[in-house]
Amino acid sequence: MRMPRLPGALLLVAATLAGCAAEKQWMKVGEPYTTAEFRRDYAECSKTKNDKLDEECLRARGWVDMKPSKGDRAADSPPAPPQDWRQRR
């Protein structure tokens with residue numbers, strides 16, 4: 001007996017899309033802030049009927065969402081010192 005392929009395919013697509021959802025990162029530009037300040041503002045802006053974050057509320061408090069470009073990457077590690085730097089002649 002053959003099993004229908006559609007439910008398996010739908011499950012695979014749903015799992016793939018769920019893994020693609022990335023959480024936004026927020027920062028304030030031009031002023032210092034602490035993690036505690038962000039957590040406080042995030043909690044205040046999440047007090048909605050369905051506990052979903054109100055992004056406009058965060059923006060009103062001075063936060064901007066960071067949107068990294070495709071070209072962004074981790075910084076290169078510094079070059080290793082030459083092998084013979086310890087040897088004195």
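Guide: The structure holds one disulfide. This is a predicted model, in which local features need pLDDT of at least 70 and side-chain atom pairs count only at pLDDT 80 or more, while totals for chains, interfaces and linings use all residues. Residues are numbered from 1 along each chain as its sequence is written, and side-chain values use heavy atoms, with hydrogens and water left out.

Visitor: Why is the pair of cysteine 45 and cysteine 57 called a disulfide?

Guide: A disulfide is a pair of cysteine sulfur atoms within 2.5 Å. The sulfur atoms of cysteine 45 and cysteine 57 are 2.1 Å apart, so the pair meets that definition.

Visitor: What makes the disulfide of cysteine 45 and cysteine 57 left-handed?

Guide: The torsion about its S-S bond is about -65°, and therefore the disulfide is left-handed.

Visitor: Which parts does the pair tie together?

Guide: Cysteine 45 belongs to helix α2 (residues 35-45) and cysteine 57 to helix α3 (residues 55-60), so the pair ties together parts twelve residues apart in sequence. Helices (H or I, at least four residues) and strands (E, at least two) are DSSP runs, numbered from the N terminus. The protein has three helices and two strands, in the order α-β-α-α-β from the N terminus on.

Visitor: Are cysteine 45 and cysteine 57 buried or exposed?

Guide: Both cysteine 45 and cysteine 57 are buried. Buried means under 20% relative accessible area, exposed over 50%, and partly exposed in between (1.4 Å probe, protein chains only). Of the 89 residues of the protein, 11% count as buried.
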